[in-house]
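Here is my note on this structure. The points are numbered and can be read in order.

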Amino acid sequence: MTSWITICDTCKREDWATSGKTRTDGEELAILIEAAAEGRETVRTRRVSCLMGCTHGCNIAIQSEGKLAYTLGRFEPDQESAEAIVDYAVKHAQSETGQVPFREWPVGVKGHFVTRHPPLPKD
């Protein structure tokens, strides 16, 4: 089953205004995540404008139908973060429930979990 990585492309870390960057930190992270996810059959990406976690930027969500969903934040817009996010999403996709044992979490996602959401009821 496919797991989706939803990336907030409007996230700006505290130092963004003085950094001189033309793209937001969220856009930078989105580019890196999209590249890291390329060719991964069980992971897809999408961008949204605002996940409303501004104090936790950069933010992403990992979701799949019928599984636990997670919001993660406080990422640096760098390659290491992008790869850890995609690696975790692959494990999420492989899990029947969406729960990944802690011992299998990539180091780069540890300490970044903000919320966990139960799957929606079937009806």
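1. Ile31 counts as partly exposed, because its relative accessibility is 34%. The scale is this: buried is under 20% relative accessible area, exposed is over 50%, and partly exposed lies in between, with a 1.4 Å probe and protein chains only. Ile31 lies in helix α2. Leaving out residues up to four places away in sequence, Ile31 touches Arg23 and Arg47; contact means heavy atoms within 4.5 Å. Trp16 is 15 residues from Ile31 along the chain, and their C-alpha atoms are separated by 17 Å.

2. A word on the basis. This is a predicted model, in which local features need pLDDT of at least 70 and side-chain atom pairs count only at pLDDT 80 or more, while totals for chains, interfaces and linings use all residues. Residues are numbered from 1 along each chain as its sequence is written, and side-chain values use heavy atoms, with hydrogens and water left out.

3. Thr24 sits in the loop between α1 (16–19) and α2. Is Thr24 buried or exposed? Thr24 counts as buried, because its relative accessibility is 10%. Setting aside neighbours within four places in sequence, Thr24 is in contact with Asp9, Thr10, Cys11, Lys12 and Trp16.

4. Next, the elements. The protein has three helices and five strands. Their order from the N terminus is β-α-α-β-β-β-α-β. Helices (H or I, at least four residues) and strands (E, at least two) are DSSP runs, numbered from the N terminus.

5. Helix α2 (residues 25–37) packs with helix α3 (residues 79–94). The angle is about 50°, and the axes are 8 Å apart. Axes are lines fitted to C-alpha atoms, for helices over the stretch in contact, and angles run from 0 to 180 degrees between N-to-C directions. α2 and α3 are therefore oblique to each other. By the cut-offs, angles under 35 degrees are roughly parallel, over 145 roughly antiparallel, 65 to 115 roughly perpendicular, and the rest oblique. The crossing of α2 and α3 is right-handed: a crossing is right-handed if the near helix is turned clockwise from the far one by less than a right angle, and left-handed if anticlockwise.

6. Which residues of α2 and α3 make the contact? From α2 come Leu29, Leu32, Ile33, Ala36 and Ala37. From α3 come Gln79, Ser81, Ala82, Glu83, Ile85 and Val86. The residues of this contact divide into eight nonpolar, two polar and one charged. Here Ala, Val, Leu, Ile, Met, Phe, Trp, Tyr, Cys and Pro count as nonpolar, Asp, Glu, Lys and Arg as charged, and the others, Gly among them, as polar.

7. Met52 is not a glycine, yet has a positive phi of about 60°. Met52 is in the loop between β2 (43–48) and β3 (60–63). Met52 counts as exposed, because its relative accessibility is 76%. Arg74 also has a positive phi, near 65°. Arg74 is in the loop between β4 (69–72) and α3. Its relative accessible area is 35%, so Arg74 is partly exposed.

8. Last, the whole chain. The C-alpha trace spans about 45 × 30 × 25 Å along its principal axes. Of the 123 residues, 42% count as buried. Among contacts with a separation of 6 or more, 69% are between residues 24 or more positions apart.
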